[in-house]
Amino acid sequence: MAVKLYIDAIREAMQEEMRQNPNVFVLGEDVGLRGGVFRVTQGMIEEFGPERVMDTPLAESAIVGVAIGAAAYGMRPIAEIQFADFIMPAVNQIISEAAKLRYRTQGDWHCPLVIRAPYGGGVHGALYHSQSVEALFYHVPGLKIVTPATAADAKGLLRAALRDPDPVLYFEHKGMYRAIRDDVPEGDFTVPIGKARVAREGDDLTVITYGLMVHHTLTAAERLAADGISTHVIDLRSILPLDREAILEAARRTGKVLIVHEDNKTGGIGAEVSALIAEEALFDLDAPIARLCGPDVPAMPFSAPLEAFYMLNSTKIEDAMRKLAAF
Amino acid sequence: MYRTMVLTRLLDERMWLLNRAGKIPFVVSCKGQEGSQIGAAFALDPARDYVAPYYRDFGVVLRFGMSARDIMLSAYAKAEDPNSGGRQMPGHFSSRTRHILSGSSPVSTQIPHAVGIALAARMRGEKLVTYTSFGEGSSNQGDFHEAANFAGVHKLPVIFFCENNLYAISVPQNRQLGCAHVSDRAIGYGMPGVLVDGNDVLAVYEAVSQAVLRGLNGEGPTLIEAVSYRINPHSSDDDDRSYRSRDEVEEAKKNDALEVFRDELMRCGVWSKEDEEALRKELQRVVDEATEYAQKAPLAEPETTLDHVYAK
């Protein structure tokens, strides 16, 4: 095991898969010479050349649409969308085409495509460089969605996505690129899509979360532990499919559930997790299910106090956890 | 070529009739566009090339190996329909083994896919061209422009084939295009733009053959606009009397590619009235048998609605 940065784990997953599988290639805006605006693909054009680390015209629908055609033909494209906010012009290609290709041909064609997109706020990215867009795609059968919170998961989930026969949206939180580092196993390992991770074991309350909020929640859990409150933390890792068993087991374990996500509250992943628990485990609960999420405003503002107001942090999460623990 | 044109026409007319008789719920027609489709498809090699067709391309998919029976199974939405097992409306063609890429109903989405196939093939060192077709209305969609530009930048062997039938449902060409011709747009994407009479099947064949050569020689994509006329309404649910005169439709029928080609063949002395009668009789039987087979074929089991969302 070696300690690695989140961003390096993503790059390594791509490099290693590309060395193993000649069908894997990256395409997107600035991914080549520049190595990506965040430098995620840095150095890759030197190793794999401009055909396999392909700078494309600035046109998201074509980046995804061309990748769909290549995937259908038998390649394994990684289509990079520079910021998740800019995925909107490609939504028709993702929802109408990638998600439905297998279904509408009864498996005659399929679309083994990975779409990588940096998402999330707290980096002074304002309205259009801060959004969480996972809930938009959560509603679409045929897609898979993952959001790794650790470097190890970033590598393992990307590898799993690159071996998956169906389209996978891989949302990487840009705030974690260089802020998160952890032990990444050596060798050829994958993290299975659809399996949640117990990020911390505890008995008094359960927090279900994903992405950057996993780290804020763990910080808050440490503070609660100092006061003798023990928190069970679930990192979903996969948004679609959700790990239903892990969610229900964690809810039953403590009887008190808080769901935390950076994305808006209304119609978010938390609503689905909450409905699942209400349907399947209501009588195991000791308190109403609580949600702490981004506010229902269109997007995150630029100025520092407005951004801080919008963004969740460990203090806000700690307050919500204490309130639930005291119920 | 003429044989496939006639088969396309007979299938089209049969489906229209079956719809009017209440036997099949929906049809889109290619009547009037057979010259464009057959001219283009015969310039391609079904064993080598790939097509990402649009929903009127019955002539193209027949050339790429679909049978009259396949078309009828799709019209009746039967389980055996090779395109989608009855999941999609008719006209949404698909067959992996026949190099026909599945398409959807939002228009132009198939155009970047054709570019992707060309890109993938080049990365693998395989020589082929991809054909993708669309109407003049669809040429206004972002996907057309994004895909054409992508192919132009990367010099990919794609044939962008516009079947201009002069109407996008009810909206005429002069309300669709800010320029005179779709083919005029080619210069913006660094490729030749070719305007051809879609009712002249041999002229279309010639234009597409040139584009195939360009593609195989690594010279990049070509945009071809074949102008013809959609003789029927947009679909079986459309009534074109609200937006175009009967005189206009009758006038267009005089340039019907099928008749133009037949007359030409007869003038050259390679086709006769007897040949025509024999062919019609033979193909009519093919269409009858296909209709009968499809009508009797079983529908899909309802529970199969849940299948094929993800790989097993």
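In this predicted model, Arg244(A) is partly exposed, with a relative accessible area of 41%, and Glu280(A), at 40% relative accessibility, falls into the partly exposed class as well; buried here denotes a relative accessible area under 20%, exposed one over 50%, and partly exposed the range in between, computed with a 1.4 Å probe on protein chains only. The two residues form a salt bridge in which the closest N and O atoms are 3.7 Å apart, a salt bridge being defined as a side-chain nitrogen of Lys or Arg within 4 Å of a carboxyl oxygen of Asp or Glu. Arg244(A) belongs to helix α9 (residues 244–254) of chain A and Glu280(A) to helix α10 (residues 269–281) of chain A, so the pair ties together parts that are 36 residues apart in sequence. Helices (H or I, at least four residues) and strands (E, at least two) are DSSP runs, numbered from the N terminus.

Over all chains, the structure holds 44 salt bridges. One of these joins the side chains of Glu17(A) and Arg163(A), with an N to O distance of 2.5 Å. This pair links distant parts of the chain, since Glu17(A) is in helix α1 (residues 6–20) of chain A whereas Arg163(A) is in the loop between α7 (151–162) and β7 (168–173) of chain A, 146 residues apart. Glu17(A) is buried, with a relative accessible area of 3%, while Arg163(A) is partly exposed at 36%. Both residues take part in a network of salt bridges that also includes Lys4(A), Glu12(A), Glu16(A), Lys155(A), Arg159(A) and Asp188(A).

According to the UniProt record, an unreviewed entry, the feature "domain: Transketolase-like pyrimidine-binding" is placed at residues 4–179 of chain A; UniProt positions are given in the numbering used here, feature names are shortened, and annotations may be inferred rather than shown by experiment. Over residues 4–179 of chain A, the chain is 38% helix and 17% strand, and the end C-alpha atoms are 11 Å apart.

The contact between the two chains, counted for heavy atoms within 4.5 Å, takes 43 residues from chain B and 44 residues from chain A. Together the chains bury about 3,600 Å², 60% of it on carbon and sulfur atoms, where buried area is the accessible area (1.4 Å probe) that two parts lose on being put together, summed over both. Of the area that chain B buries against chain A, Arg96(B), Met123(B) and Tyr310(B) supply 20%, more than any other three residues.

Across this interface the rule finds one salt bridge, in which the side chains of Glu51(A) and Arg122(B) meet at 3.5 Å, N to O. Glu51(A) lies in helix α2 (residues 44–52) of chain A and Arg122(B) in helix α5 (residues 110–123) of chain B, so the pair joins two chains. Glu51(A) is partly exposed, with a relative accessible area of 31%, and Arg122(B) is partly exposed at 32%.

Residues are numbered from 1 along each chain as its sequence is written, and chains are lettered from A and ligands numbered from 1 in the order in which they are written. Because the model is predicted, local features need pLDDT of at least 70 and side-chain atom pairs count only at pLDDT 80 or more, whereas totals for chains, interfaces and linings use all residues; side-chain values use heavy atoms, with hydrogens and water left out.
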